[in-house]
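Work through the exercises below with the structure open beside you, and try each task before you read its solution.

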Amino acid sequence: MRSLPMAAVGAVILGLSREAAGRYDESLPHWEQAIRFADANEKAFCQIERALERALVGKHRQATGEAAEIVGAGDPQARTLLHAARVYSRALEAVQQDPSLDETERSRTISEYGQRGLECLERSTQRAAREPT
């Protein structure tokens, strides 16, 4: 978070602390605030963290939709791609608990999220090789 404005730092800290405590629903408003204050370099990271929280509360469609939008826009940083892979991983857990899916749809969704997560990991590795250390 090298370029995160001070106005967003508190929101990020609160979002991360709520996540660490397993209070995912409570972290969402803090990520919303961080997104509002983040500059262009950090906005995608804050958005991907919000998507992760959505996956953790079982909103896998919303989470993966947001992750796909973020990784599909421009050339995201390696850490954003890595966290997008986390979104897909946590979304897999939510799919297992989703009573609205029949077995065929559940299987298709698991395959899709797994593939997208692996693609994010691969892109993250490629991007990290190009980023300055």
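**Exercise 1. Find the residues that make a nonpolar surface patch of about 270 Å², and decide whether Leu 118 is buried or exposed.**

Solution. Keep in mind that the model is a predicted one. The patch is made by Leu 82, Leu 118 and Leu 121. To place one of these residues, look along helix 6, which covers residues 103-130 and holds Leu 118. The relative accessible area of Leu 118 is 54%, and since exposed means over 50%, Leu 118 counts as exposed.

**Exercise 2. Describe the salt bridge between Arg 79 and Glu 42, and work out which parts of the chain the pair ties together.**

Solution. Begin with the distance: the closest N and O atoms of Arg 79 and Glu 42 are 2.3 Å apart, and the cut-off for a salt bridge is within 4 Å. Next, locate the partners: Arg 79 belongs to helix 5 (residues 78-97) and Glu 42 to helix 3, so the pair ties together parts that are 37 residues apart in sequence. Finally, compare each partner with the cut-offs, in which buried means under 20% and partly exposed lies between that and the exposed class. Glu 42, at 3% relative accessibility, is buried, whereas Arg 79, with 22%, is partly exposed.

**Exercise 3. Explain how Glu 103 and Arg 106 are placed in helix 6, and state which class of exposure belongs to each.**

Solution. The side chains of Glu 103 and Arg 106 meet in a salt bridge, with 3.4 Å from N to O. Because the two residues are three apart in helix 6, about one helical turn separates Glu 103 from Arg 106. Glu 103 has 58% relative accessibility and counts as exposed, while Arg 106 has 11% and is buried.

**Exercise 4. Which residues lie nearest the centre of the largest pocket, and which helix gives the most to its lining?**

Solution. First consider the space, which comes to about 200 Å³ in the largest pocket. The lining of this pocket has 13 residues, and those nearest the centre are Ala 40, Ala 44, Ile 70, Ala 73 and Pro 76. Then turn to the helices: helix 3 (40-56) and helix 4 (60-72) each supply at least two lining residues, and helix 3 gives the most, with five.

Note on methods: Residues are numbered from 1 along each chain as its sequence is written. This is a predicted model: local features need pLDDT of at least 70, side-chain atom pairs count only at pLDDT 80 or more; totals for chains, interfaces and linings use all residues. Side-chain values use heavy atoms; hydrogens and water are left out. On a 1 Å grid over the protein atoms alone, a cavity is a set of points where a 1.4 Å probe fits but cannot get out, and a pocket is an open set with protein on both sides within 12 Å along at least five of seven lines; lining residues have an atom within 4 Å of a point. Grid points are joined across faces, edges and corners, and a volume is the space filled by probe spheres set on the points. Helices (H or I, at least four residues) and strands (E, at least two) are DSSP runs, numbered from the N terminus. Patches are made of residues with over 30% relative accessible area and no salt bridge: like charges are joined within 9 Å, nonpolar side chains (Val, Leu, Ile, Met, Phe, Trp, Tyr) within 5 Å. Accessible areas come from the Shrake-Rupley method with a 1.4 Å probe; for residues, only the protein chains shown count as cover. Buried means under 20% relative accessible area, exposed over 50%, partly exposed in between (1.4 Å probe, protein chains only).
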